[in-house]
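Student: I have a new structure to look at, and I would like to go through it step by step. Could you help me read it?

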Amino acid sequence: VFQGETNLADYVRKEVRRRFPKFSTGISNAFIFLPVDCGDGLGVLNPFVRLAQLDGRLLANPETVINTFLVAEAEAYRKAKTFHDARLFPRPTNSNLKPAKQRFLSFLEYTRTREQTSHELLKAYNALLHRPERLKAKLSGEVEAMLDDYRGL
């Protein structure tokens, strides 16, 4: 990827030397990776640092969210069916028939409109869409003081 260089920093140094021969002596890693908004950096980002900042905030297995939802949905159906089966529904007043039980929805009928009616599905959907926040880098007091001085210039 870096055309014969061993790492990104070496590649950037080589490119700076090639493009700006007058200003290419002694390019440090700090210059390469320091953010542009600090004033004196190229702001090259290491994608692995971002991943490390998310460590512990990503779902280990998103499938567990779906499985939790499916178990909760099956339990909600069972409770609703049990409640329904325990009740008798009266016939219209002009009927001589005894009260009868009405058939409860099948599981397929119960779940047909889950996108509009299921609170558990909404929770699962939001959990899967949640974008974890990056952790701030933990700086030593000395580094933090240096950065504060640098930003104050």
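Student: How far apart are the end C-alpha atoms of helix α4, and what should its 23 residues span?
Tutor: Please keep in mind that this is a predicted model. Helix α4 covers residues 63-85, and at 1.5 Å a residue its 23 residues should span 33 Å. Its end C-alpha atoms are 33 Å apart, which agrees.

Student: Which residues of α4 are buried?
Tutor: They are Val65, Phe69, Glu73, Tyr77 and His84.

Student: And what covers the buried residues of α4?
Tutor: The cover includes α5 (107-111), α6 (114-117) and α7 (119-129).

Student: Let me stay with tyrosine 77. Why does tyrosine 77 count as buried?
Tutor: Its relative accessible area is 13%, and buried means under 20%.

Student: What kind of aromatic pair do tyrosine 77 and tyrosine 110 form?
Tutor: The structure holds four aromatic pairs. The one between tyrosine 77 and tyrosine 110 is edge-to-face, with 5.0 Å from centre to centre and 65 degrees between the planes. This pair links distant parts of the chain, since tyrosine 77 is in helix α4 and tyrosine 110 is in helix α5, 33 residues apart.

Student: Is tyrosine 110 buried or partly exposed?
Tutor: Tyrosine 110 is partly exposed, with a relative accessible area of 26%. Tyrosine 110 also pairs with phenylalanine 104: the ring centres are 6.5 Å apart and the planes meet at 40 degrees, so that pair is tilted. Phenylalanine 104 counts as buried, at 15% relative accessibility.

Student: Which residues form the aromatic cluster?
Tutor: Tyr77, Phe104, Phe107 and Tyr110 form one aromatic cluster.

Student: Changing topic: which residues make up the largest nonpolar core?
Tutor: That core has five residues, namely Ala9, Val12, Val16, Ile27 and Ile32. Helix α1 (residues 8-19) gives the most to this core, with three residues.

Student: What does valine 12 touch?
Tutor: Leaving aside residues up to four places away in sequence, valine 12 touches Ile32 and Leu42.

Student: Now the charged residues. How many salt bridges does the structure hold?
Tutor: The structure holds eight salt bridges. In one of them, arginine 19 is joined to glutamate 15, with the closest N and O atoms 3.3 Å apart. Both residues lie in helix α1, four residues apart, about one turn of the helix.

Student: Why does that spacing matter?
Tutor: An α-helix has 3.6 residues a turn, so residues three or four places apart point the same way.

Student: Are arginine 19 and glutamate 15 buried or exposed?
Tutor: Arginine 19 is exposed, with a relative accessible area of 55%, whereas glutamate 15 is buried, at 15%.

Student: What about arginine 103?
Tutor: Its side chain meets that of glutamate 109 in a salt bridge, at 3.5 Å, N to O. Elsewhere, salt bridges that share partners join Glu15, Arg18 and Arg19 into one network.

Student: Finally, how many helices and strands are there in the protein?
Tutor: There are eight helices and zero strands. Of the 153 residues, 16% count as buried.

Key:
Residues are numbered from 1 along each chain as its sequence is written. This is a predicted model: local features need pLDDT of at least 70, side-chain atom pairs count only at pLDDT 80 or more; totals for chains, interfaces and linings use all residues. Side-chain values use heavy atoms; hydrogens and water are left out. Helices (H or I, at least four residues) and strands (E, at least two) are DSSP runs, numbered from the N terminus. The expected span of a helix is 1.5 Å times one less than its number of residues. Buried means under 20% relative accessible area, exposed over 50%, partly exposed in between (1.4 Å probe, protein chains only). Contact means heavy atoms within 4.5 Å. A nonpolar core is a set of buried Ala, Val, Leu, Ile, Met, Phe, Trp, Tyr and Cys residues joined through side-chain atoms within 4.5 Å. Rings of Phe, Tyr and Trp (its six-membered ring) pair if their centres lie within 6.5 Å; planes under 30 degrees apart count as stacked, over 60 as edge-to-face and the rest as tilted. A salt bridge is a side-chain nitrogen of Lys or Arg within 4 Å of a carboxyl oxygen of Asp or Glu.
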